[in-house]
Structure formats: structure tokens, C-alpha cells
Amino acid sequence: MRIVFIGPPGAGKGTQAERLVARYQLAHLSTGEMLRVACEAKTAVGIKADKYMNGGQLVPDELIIEVIRERLGQPDCKIGYLLDGFPRTIAQGEALDSMLDEWHSPLSVVLELHVPEEELLKRLAARGREDDRPEVIRLRLESYRSQTEPLLEYYDAKGLLRRLDGSGTVDDVFSQARAVLDSLVTSGSNRSHR
Ligand code: AMP
């Protein structure tokens, strides 16, 4: 299966992503994590990304698209993958589509993890990561609303979007996700995608 996982900061996407990749044996492609590693290692990508990340801004599309193009070409992605944090803009979504067209490997599904804004603010305040300072949180939520949310409509129009209610417990959200993914497996609609 090839899955895109979309959700605002603080929705619990990372936790669900970890459980999903373990259960369905998928490569876990978290662009946030890749960028944090690159920053830490002071690679060329990391040096460019650092100031955007610390300012609560998205890194430029060209930069992250190249990172993902390279990553998707690696052998472990052949078994299927979960994209966690990419795409985050329409331009990234279009770039992903053209890569996947080129490779004849369409997406199986796009999962949206939906959590009301009030709940997000509460959860983010409790987390304490470097880019979770209150003013940075506000910017990250704004960039989600203005740049990432339009992707939901984009994927809905393609018939790929499934929404999960992220306000429940971790187990509750995970069982919703499993219901969606298991139904894809049993309908066999992902067979041609592997
Ligand atoms: P995350 O861990 O997914 O919240 O990502 C942390 C930060 O990495 C984001 O606030 C962005 O600055 C950057 N980032 C991660 N993924 C992307 C992406 N697809 N496009 C642009 N910036 C990204």
C-alpha cells in the first residue's frame, strides 16, 4: 500500500504512523524526521531547512520534493510506504503525482487525521519540542490551514480521501485507520498497486 497521511501538528499523526507502519509493514517516510536528522548532521539540505523549521514555516517545495524523490527511489519503499508529513502543499501533491505516474505506482489512499483546533492547542502546549513554542505553534497551525488543508479537497476530488476522527484515544483512532486499510486490502484494490 502507498499511503499519504495528513493532519495538523498535534493531531497524534506520528503515534498513529508508527503503529500503522508496524502493522502493515510499510516504510515510514516522515519528512519532519528526515529534516530534523539533516539539520542535526548539518547536511546541505539541513542547513537550508533549519531557519524555516525553527520559524514554524514550511521549507521550500523544491527542497522537500527532491528529498522525497530520492527517498522514494530506495528499495525499502517497494513494499509500500506511509508518507507522514508530505505532501504539505498543492505543489508538493502535484509533484508527487507526477513522480508516481512516472513510476506507474499510484497512491492507495489518503488518510486525514482530523482534530478540532482547540484540542490541538491543548495537546501542543503539553509536548515541548523546539518548534512547539507558542508563537511557532500558531504559525505552524496557520501554515497547515492555508497551505496543507487545500490538499484535502485535491485528494477528495480524486476519490482517495478518508477522514479519521482524531479526537478519541490512540486505540480508537488506530482502529478507525485499520478499518479503512483492511477494507482496501480485502477489496483487493491495492493488489495492482504493489
Ligand atoms: P513535522 O515533524 O512533520 O511537523 O515537520 C517539522 C517541520 O519540518 C515543519 O514545521 C516544516 O518546517 C518542515 N517540514 C516537514 N515536512 C515538510 C514538507 N512536506 N514541506 C515543507 N516543510 C516540511
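Helices (H or I, at least four residues) and strands (E, at least two) are DSSP runs, numbered from the N terminus. The model is a predicted one, in which local features need pLDDT of at least 70 and side-chain atom pairs count only at pLDDT 80 or more, while totals for chains, interfaces and linings use all residues. Residues are numbered from 1 along each chain as its sequence is written, and side-chain values use heavy atoms, with hydrogens and water left out.

Helix α2 (residues 31-40) supplies 4 residues to the shell around the ligand, the largest share. The ligand has 16 residues around it, and T31, R36, Q57, G85 and Q92 come nearest; a residue is near a molecule if one of its heavy atoms lies within 4 Å of it. By class, the shell holds 6 nonpolar, 5 polar and 5 charged residues. Here Ala, Val, Leu, Ile, Met, Phe, Trp, Tyr, Cys and Pro count as nonpolar, Asp, Glu, Lys and Arg as charged, and the others, Gly among them, as polar.

From the backbone, a polar atom of G85 is 2.8 Å from a nitrogen atom of the ligand. On its own the ligand has 480 Å² of accessible area, of which the protein covers 95% (Shrake-Rupley method, 1.4 Å probe).

The ligand sits in the largest pocket, meaning that more than half of its atoms lie within 2 Å of the grid points. A pocket is an open set of points on a 1 Å grid over the protein atoms alone, where a 1.4 Å probe fits, with protein on both sides within 12 Å along at least five of seven lines; lining residues have an atom within 4 Å of a point. The volume of this pocket is about 770 Å³, taken as the space filled by probe spheres set on points joined across faces, edges and corners.

Its lining comprises 37 residues, with G32, R36, R88, R129 and R140 nearest the centre. Two or more residues each come from β1 (2-6), α1 (13-24), β2 (27-30), α2 and α7 (134-148). Of the elements, α2 gives the most, with 5 residues.

Two backbone details remain. F86 and P87 are joined by a cis peptide bond, with omega about -5 degrees; P87 is in the loop between β3 (81-84) and α5 (90-102). Q25, in the loop between α1 and β2, has a positive phi near 50 degrees although this residue is not glycine.

Notes: A polar contact is a pair of N or O atoms within 3.5 Å; within protein, one must be able to donate a hydrogen and the other to accept it, and residues adjacent in sequence count only if both atoms are side-chain atoms.
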